[in-house]
Amino acid sequence: MDLKVGDVLRIGAAASVQFAGDRALIFRVTAIRKEQTYMGWCWLTGYVLDATGSAVERREVFVRRAGLRRIVVHDRRPPAGGQRSASGMTPAGARMEGNRGVRHPGQTR
């Protein structure tokens, strides 16, 4: 498997016996060591992800490349340009528009 930073992997028993059964991880790669190790094995640095895709623990793991499984992750960020209402305004713009003319304590003209 050709690994790159940003990949999200399932690391289970096929990658190393220490990740068998309920010890399997979903892991986002942040670094791949370039140093030579045993043939077919590598050191990865990254974050263990929870069920929502949030990073919960930083780890460094030694795994068999052939045992890694790439996971397709859907982007959770809002679409570029932000969401717009029927009026064509972003939610922040609509809030600012609704506050037009409102004076706050200490505010000068």
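I looked up Arg33 to begin with. In this predicted model, Arg33 has 33% relative accessibility and counts as partly exposed. I then checked where Arg33 sits. Arg33 lies in the loop between strand E2 (25–32) and strand E3 (41–49).

Next I checked the partners of Arg33. The side chain of Arg33 meets that of Glu35 in a salt bridge, at 3.3 Å from N to O. Glu35 has a relative accessible area of 46%, so I noted Glu35 as partly exposed. Arg33 also forms a salt bridge with Glu60, at 2.9 Å from N to O.

Then I asked how many salt bridges a search of the whole structure finds. It finds 4 salt bridges.

I turned to Asp7. Asp7 forms a salt bridge with Arg70, and their closest N and O atoms are 3.1 Å apart. This pair links distant parts of the chain, 63 residues apart. Asp7 is in the segment before strand E1 (8–11), and Arg70 is in strand E5 (residues 69–70).

Is Asp7 buried or exposed? I found 5% relative accessibility, so Asp7 counts as buried. The cut-off for buried is under 20% relative accessible area. Arg70 has a relative accessible area of 41%, so I put Arg70 down as partly exposed.

Last, I looked for shared partners.

Conventions:
Residues numbered from 1 in each chain as written. Predicted model: local features only at pLDDT ≥ 70, side-chain atom pairs only at ≥ 80, totals over all residues. Heavy atoms only, no water. Helix = DSSP H or I, 4+ residues; strand = E, 2+ residues; numbered from the N terminus. Buried < 20%, exposed > 50% of the residue type's maximum accessible area, 1.4 Å probe, protein only.
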